[in-house]
Amino acid sequence: MSEGLKPLLSKYGKPALAAALLVALTVALFWPATGYDFLNFDDDRYVSGNEMVRKGLTLEGVRWAGRAVYESYWLPVMWLSYMVDASVFGAEPFGFHFTNILLHALNAALLFLLLHLWTKRLWPALFVAALFAWHPLRVESVAWIAERKDVLSGLFFLLSLLSYTWFSRRPVMGRDVPAALFMALGLLTKPILVTLPFLLLLLDYWPLERWGARRADGRVAWWGLISEKVLFWALGALFCVLTYYTQSVGKAIHSADAIPWVQRFVAVPVAYLFYLKKTFLPTDLRMIYGDLSTSLLLSAAAALVLVLLTLALLVAGRRSRAIPAGWFWFLGLLVPVIGIVRVGVVHVADRFTYLPSIGLAI
């Protein structure tokens, strides 16, 4: 072995091996799903009964994906990924399942490499990535073909974080474009990524430690951290408006007459505790849970628990910034699906935890 190769293997060999092992074990864990059939719950509308998808990647299909508002969403990248599957594997369920599994395994490896890059700690990074990848709450996002948007948007989400990390080391105009581009691709797959700019500010706190960075005049550059993310704020605002419009046209958004605002806000702390419970005690998992049982007393008790947890974790943050950062990652990324804006019949779902769960694992 050459002398020049030894330092590279010493520096990158273990992380690369760990990432490869994580991919292999994740694929093996979810491999039984490749033998599953289509479900008659969304799979039929998205794939098995969708002739545009079943034809594979065609010029007609690309045009349709670019202009179709289907199921009250505009998700062209998701449609194109299904069409590629149909072209490569045919219209049977195996290929669609396999791609979901592979995307999830790649997300696990990418998360591990990202955490290792941030912290230079192999085993904690591997633990967080494995907990994310193998938790029972991931089953719905991975084994359900119609939830391709979870695993595919997750890939673009993590690539955006990786690109932003590169930008943060030398934050000059133009270096943030790749991160913004990955965010845009993620939004074209699932609009839940509208919260990404806020997460980037949180990453500036930990692990990038840019909060408190001082300018030449000695003042803290708070405005700089906010203003440098103008591309991300613009994308988030654009897709908030776009998604609200498509949901309104599709009559998928419940009005205040159907679900009063007070009822929605009362249910928010209860929903957060629901996700915490399912994370630490993942039993009785279902595809449809229905509306959570709430009351003013139950909501007040849940809110008190959340406040006390937040205070305790902020105190713990004096020892490690990762603790409050992970907590606010979890709280923040759940905001679009926590029930303030009610879309469709689903109030809570396992799949909604796909990206927020990373914060709890941290």
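Surface patches in this predicted model are made of residues with over 30% relative accessible area and no salt bridge, with nonpolar side chains joined within 5 Å. One nonpolar patch of this kind consists of Trp 31, Leu 57, Val 62, Val 84, Val 88, Phe 89 and Phe 94, which together have about 600 Å² of accessible area. Helix α5 (residues 76–89) supplies the largest share of the patch, three residues. Phe 94, by contrast, has its place in helix α6. With a relative accessibility of 36%, Phe 94 counts as partly exposed, and Trp 31 is likewise partly exposed, at 38%.

In one of them, the ring centres of Trp 31 and Phe 94 lie 6.0 Å apart with the planes at 75°, so the pair is edge-to-face. Distant parts of the chain are linked here: Trp 31 sits in the loop between α1 (5–30) and α2 (43–48), Phe 94 in helix α6, and 63 residues separate them. A further edge-to-face pair is formed by Tyr 82 and Phe 96, whose ring centres are 6.1 Å apart and whose planes meet at 65°. Tyr 82 belongs to helix α5 and Phe 96 to helix α6, so this pair ties together parts that are 14 residues apart in sequence.

Turning to the interior, nonpolar side chains in soluble globular proteins tend to be buried together. The largest nonpolar core of the model holds 86 residues, of which Phe 112, Phe 157, Leu 161, Leu 199 and Trp 329 touch the most other members. Helix α6 (residues 93–119) contributes the largest share of this core, eleven residues. If neighbours within four places in sequence are set aside, Phe 112 is in contact with Pro 15, Ala 18, Ala 19 and Leu 22, and also with Leu 122, Ala 125, Leu 126 and Ala 129. A second, separate core has 18 residues, among them Val 53, Trp 64, Ala 68 and Tyr 82.

The charged side chains complete the picture. The count of salt bridges comes to twelve. One joins Glu 60 to Lys 55, at 3.6 Å from N to O; Glu 60 is partly exposed at 41%, and Lys 55 is partly exposed at 47%. Asp 150 and Lys 190 form another, with their closest N and O atoms 2.4 Å apart. This bridge spans 40 residues, from helix α9 (residues 148–169) to the loop between α10 (177–187) and α11 (196–205), and both Asp 150 and Lys 190 are buried. A salt bridge also connects Asp 204 with Lys 229, the closest N and O atoms being 2.7 Å apart. Finally, Glu 140, Glu 147, Lys 149 and Arg 351 are linked in a network of salt bridges.

Note on methods
Residues are numbered from 1 along each chain as its sequence is written. This is a predicted model: local features need pLDDT of at least 70, side-chain atom pairs count only at pLDDT 80 or more; totals for chains, interfaces and linings use all residues. Side-chain values use heavy atoms; hydrogens and water are left out. A nonpolar core is a set of buried Ala, Val, Leu, Ile, Met, Phe, Trp, Tyr and Cys residues joined through side-chain atoms within 4.5 Å. Buried means under 20% relative accessible area, exposed over 50%, partly exposed in between (1.4 Å probe, protein chains only). Helices (H or I, at least four residues) and strands (E, at least two) are DSSP runs, numbered from the N terminus. Contact means heavy atoms within 4.5 Å. Patches are made of residues with over 30% relative accessible area and no salt bridge: like charges are joined within 9 Å, nonpolar side chains (Val, Leu, Ile, Met, Phe, Trp, Tyr) within 5 Å. Accessible areas come from the Shrake-Rupley method with a 1.4 Å probe; for residues, only the protein chains shown count as cover. A salt bridge is a side-chain nitrogen of Lys or Arg within 4 Å of a carboxyl oxygen of Asp or Glu. Rings of Phe, Tyr and Trp (its six-membered ring) pair if their centres lie within 6.5 Å; planes under 30 degrees apart count as stacked, over 60 as edge-to-face and the rest as tilted.
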